[in-house]
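I opened my notebook to get to know a new structure. Come and look along with me.

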Amino acid sequence: MADEAIKVEGTGQTGNIRNFTVANSPAVPIHTLMFSSGDNTASFSAAGSGAMFLGISVSEKEAADGLTGIAVDTGGVWDLTASGTIARGHKCILAGGNRIQTVDNTTAALAASGGLVIGIAREAASDGEIIRVDLGVKS
């Protein structure tokens, strides 16, 4: 998968895992950024949706396989792909396409509640670069 998220630090494979409901029909690749699309329900990342970020899928789900659950990691440090320029220490939010972006004037209102914030960038990046992000850190 392009722009796959990779865990580089954290509490291991099971320390921050939560289970969510997911629709049966779409395929969900492993290490996909997920957001809340309903009560205890996860869906693919979407830019500017105003939806709460849940975490990163830790299992693959095949399309129409009859399964309606997925495991999502909610913590640790991950290598994620930047969409646009991101400064070290800035808050990151969903950008769609399994990428992240920095909070700016257009996205500040959406990120104000903290629900969209994925975490804090540990390093600077330009568009398409992979950077380390502290997942779940809000400030």
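**Ground rules.** I am working with a predicted model, where local features need pLDDT of at least 70 and side-chain atom pairs count only at pLDDT 80 or more, while totals for chains, interfaces and linings use all residues. Residues are numbered from 1 along each chain as its sequence is written, and side-chain values use heavy atoms, with hydrogens and water left out.

**Salt bridges.** How many salt bridges does the structure hold? I found six, taking a salt bridge as a side-chain nitrogen of Lys or Arg within 4 Å of a carboxyl oxygen of Asp or Glu.

I looked up Lys7 and Asp73, whose side chains meet in one of these at 2.7 Å, N to O. Lys7 belongs to strand S1 (residues 6-9) and Asp73 to strand S6 (residues 69-73), so this pair ties together parts that are 66 residues apart in sequence. My strands (E, at least two residues) are DSSP runs, numbered from the N terminus. Lys7 is partly exposed at 22% relative accessibility, whereas Asp73 is buried at 1%. For these words I use relative accessible area: buried is under 20%, exposed over 50% and partly exposed in between, with a 1.4 Å probe and protein chains only.

Next I checked Arg132 and Asp79, which form a salt bridge at 3.0 Å, N to O. This pair links distant parts of the chain, with Arg132 in strand S11 (residues 130-135) and Asp79 in strand S7 (residues 77-82), 53 residues apart.

I also noted a network of salt bridges that links Asp3, Arg99 and Asp127.

**A hairpin.** Which strands form a hairpin with two residues between them? They are S3 and S4, and Asn40 in the turn has a positive phi of about 50°. The two strands run antiparallel and are joined by four bridges; I count strands as paired if DSSP finds at least two bridges between them. Gly38 has Thr41 in S4 as its bridge partner.

**His31.** I placed His31 in the loop between strand S2 (17-21) and strand S3 (33-38). Is His31 buried or exposed? His31 counts as buried, at 17% relative accessibility.

**Ile100.** My last stop was Ile100, in strand S9 (residues 99-102). Ile100 is buried, with a relative accessible area of 0%. Leaving out residues up to four places away in sequence, I listed what Ile100 touches (heavy atoms within 4.5 Å); among them are Leu33, Leu80, Ile118 and Val133.
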